[in-house]
Amino acid sequence: MRLKLVAAFLLAAVILASAIIVARPGASYSRQDRSSLLAGASLRHPAGTDALGRDRLVRVAAALLLSLVGAFLASALTTSIAAGMGTLAAFAPRPIGALCLLGCDVFLALPWMFLLMMVRSALPLSASPLSSAAITFLVLAALGWPACARAVHRGALNLRRADWMLHARASGLRGIQLVRCVTPNLIPLLLPQFLVSIPAFVIAEANLGAIGLGIGEPLPSWGGMLLELDNSAMLFATRWVYFPVALLVLVLLLLEAVAPSDLEA
Amino acid sequence: MTRLSRRLVHCCAAVALAAAFARPCIAQAAPRLPGELVWTIGYDPKTFDPAKVDDQESEMVRYLTAGVLLRFNRLTQKVEPELAQSWSLSEDGKMVTFKLRPNLKFSDGSSLAAQDAAWSIRRVLDPATASPVAEEFLSPAGVRVETPGASTVIVHLPQRVIGIGKVFDEIAIEPANHPSEARVTSGPFVLADYRRSQYVRLRRNPSFSSAAGAGPALAAGVRLDILENPEQETRLFERGEYDLIQNLAPDYFELLKSRDLSSVRDLGPSLNTEQMWFNQFPLAPIPAWEKAWFSNRAFRVAVSQAIHRDDLARIAYLGHATPAYGFISPADAAWHDASLTAPRTDVAAAKAGLARAGFHWHGSHLEDASGHPVRFSILTNEGNAARQKMATLIQQDLAALGIDVTVVALDFPALIERLMHTQDYEACLLGLENVDPDPNAMMNLWLSSSPNHQWDPSEKTPATLWEAEIDREMNLQASTRVDSERKRAVDRVQEIVADEQPFIYLVYPNVLVAISPRLQGVRPAVLAPSLVWNVQDLRLAEAR
């Protein structure tokens with residue numbers, strides 16, 4: 001428990017520091033300092049600059065915030081869809097429930113990487129970088145719910161068979177009243193799911209960015225910054241190119257530590 | 001479910017870290033044979049039939065294996081006899097006469113005679129062969145080939161062809177009626193082995209002798225490893241397993257330079273250009289007001305004036321490029337017009353020009369006369385770091401004018417689909433690879449009726465007066481016999497292009513090469529194949 005608290009505190013500190021770095025006057029993730037390319041640490045650029053002279057610290061901080069906000073929202077959406085589908089499958093008449101589960105299976109069977117590539121290439125060219133980020137996380141969320149929905153379905157089925165639920169239904173509770181009763185009882189199942197999905201979406205976005213399907217320039221993203229590591233010429237120019245990946249690993253470890261362990265779940 | 005998700009996280013994290021840190025497995029495609037030269041090509045050659053070559057890597061194999069009547073010297077940029085002892089062009093430019101060198105032989109020891117040369121030329125001209133070289137004769141159906149003697153070949157052309165000598169640099173002379181796909185050749189090497197996706201191995205042709213009278217090639221053979229990973233190529237070069245790199249990316253050039261200055265050379269500007277252009281196709285599926293901006297000369301000139309080309313060369317190419325203002329590189333000294341008055345970087349002048357053209361600023365954002373905010377996307381191809389950097393630099397340059405630019409990198413097939421078929425794009429940033437210094441080779445780019453007239457392809461009639469003038473001048477340079485008249489016409493086209501900016505030229509990338517200290521006989525040239533154009537003279541130091 002103490003480890004969780006320490007992790008949560010550190011995570012909050014990293015997020016707060018990132019917000020301060022991005023919001024401080026004069027900070028810009030896109031401004032190019034063309035006289036200072038691939039520079040090392042200095043007072044002006046504490047983590048140096050990238051190949052276009054952009055402040056690496058501001059870009060990493062902005063990428064962290066963007067990634068966490070996107071992953072948080074995507075995780076919330078995934079969990080909500082999963083909660084709805086799982087509960088519907090458990091409580092609806094058997095044919096509808098079977099149809100819902102079939103839908104989950106079909107989604108699980110889809111070649112989602114291929115779908116992501118199709119969706120990204122079908123985006124209008126004029127889509128702003130922020131729109132591309134939003135769509136990336138939306139697509140991740142839309143494809144991430146089925147596994148979660150199956151877990152919710154199992155939990156909801158247990159609830160349906162519980163004695164108190166039999167009593168409630170025998171007493172005439174129907175529809176929205178039943179949902180009101182069931183939802184609070186699903187929270188212990190949904191919350192870990194929600195927390196565990198956040199790092200999954202963070203790393204999924206980083207992977208997409210690293211293969212060129214992520215967020216558009218000049219918006220910073222983990223994936224875009226990881227691409228720098230693919231070029232040994234860059235690695236010799238400045239060691240600060242390792243900074244984004246180091247921070248990404250730290251953030252993932254903190255998110256993992258904050259999320260409930262398997263036994264707790 | 002929780003376990004599943006956690007496994008997913010771990011798996012994804014592992015993949016991310018592997019992707020981030022993994023280095024390619026470094027190994028050569030095959031062991032080096034004694035006296036063999038080794039370098040890389042980017043992909044499998046599509047064909048070994050020299051008459052059907054239509055891609056860069058097949059062309060490399062043809063260059064190394066083909067015996068040709070005339071060779072275009074990449075260093076002096078002059079056409080020289082190769083298998084021919086001499087050649088002449090008639091006064092009217094319609095008859096080419098070749099006199100073959102005596103005692104020529106193919107790699108299998110059989111004699112090479114005029115009939116073989118005539119058969120090889122006819123095969124290229126035959127529509128059934130579908131040879132891309134045939135088009136260079138302009139009217140291939142009307143070309144006649146005669147062999148009045150055992151060592152004389154005469155080619156009759158229905159019309160004069162500018163630079164006809166260079167066309168014969170691309171026609172391999174093969175044994176008559178026995179096309180062998182480079183297994184029997186009259187050039188310095190012969191195809192010995194090919195392993196798909198691994199390598200192409202060539203061995204020395206013992207019967208070859210160059211026009212200078214030297215014997216067979218000095219190297220025992222050549223192995224071309226099929227590899228498109230510059231990281232791996234650079235590492236293997238550093239280990240001495242590759243002898244040269246012909247098209248080095250600027251960052252790898254700097255990396256090698258920092259380790260061994262003597263192994264790399266910047267040969268200066270290439271003939272290639274990097275440019276951006278706006279889509280002016282009338283039926284393009286983009287809003288009408290955007291078409292109006294793009295066809296407005298003042299808009300194009302303002303964009304050109306706002307771009308800091310020096311920064312593009314310095315940052316995107318690490319200084320290994322030259323700012324470009326026209327379509328002919330300074331490397332092409334005979335045709336480059338150094339007196340061009342193209343728009344130079346001047347943001348204030350760009351703003352003034354936009355204001356005069358009816359644009360205005362709403363806050364810091366530029367709007368057209370109808371109040372539409374000026375924003376567009378620049379399309380470029382994925383995987384070209386320099387182009388993506390240039391696009392991002394231009395994004396900031398144009399922000400100074402209040403223009404909001406989105407940079408979109410697409411894979412090449414998707415990009416070509418938009419450029420050539422759907423025309424669904426606003427602006428594009430790409431490069432053009434020029435292999436021939438003669439501007440006549442760019443006819444397909446400048447004629448308004450051409451499908452490669454990128455800003456408005458396949459115009460039925462020229463859309464503007466200046467496009468009509470370009471058509472006239474390009475046709476004139478292709479038909480006149482007077483060199484000074486050709487130069488005047490090409491200079492005029494350069495002026496029109498600089499004035500109208502249908503292509504906004506950005507940089508001429510420099511030719512960057514790496515040469516192993518063990519490799520001897522290299523005489524680097526700007527024109528491709530820049531390091532191996534004299535392959536018969538190349539050898540490794542310890543090979544003898």
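1. B:Leu379 stands opposite B:Val408, a residue of strand β18(B). The model is a predicted one. Strand β17 (residues 375-381) of chain B and β18(B) run parallel, and 7 bridges join them.

2. How buried is β18(B), which spans residues 404-410? Of its 7 residues, 6 are buried, so the rest of the structure largely encloses this strand.

3. Helix α8 of chain B covers residues 297-306. It is largely enclosed by the rest of the structure, because 8 of its 10 residues are buried. The buried residues are B:Phe299, B:Arg300, B:Val301, B:Ala302, B:Val303, B:Ser304, B:Gln305 and B:Ala306.

4. What covers the buried residues of α8(B)? The cover includes two strands of chain B, β13 and β20 (503-515). It also includes the chain B helices α7 (288-294), α10 (347-356) and α11 (385-399).

5. On confidence: chain B has an average pLDDT of 90, and 94% of its residues score at least 70. Within chain B, strand β13 (residues 273-278) has the highest confidence, at 97. Helix α1 (residues 2-21) has the lowest, with a mean of 43. The pLDDT is below 50 over residues 1-25 of chain B. That stretch still has 42 contacts in the model beyond near neighbours in sequence.

6. For the complex, the predictor gives an ipTM of 0.77. The pTM is 0.81.

Methods. Residues are numbered from 1 along each chain as its sequence is written. Chains are lettered from A and ligands numbered from 1 in the order in which they are written. This is a predicted model: local features need pLDDT of at least 70, side-chain atom pairs count only at pLDDT 80 or more; totals for chains, interfaces and linings use all residues. pLDDT is the predictor's confidence in each residue, from 0 to 100. Helices (H or I, at least four residues) and strands (E, at least two) are DSSP runs, numbered from the N terminus. Two residues are in contact if their C-beta atoms, placed from the backbone, lie within 7 Å. A residue is buried if 20 or more other C-beta atoms lie within 10 Å of its own, exposed if 12 or fewer, and partly exposed in between; C-beta atoms are placed from the backbone. Two strands pair if DSSP finds at least two bridges between them.
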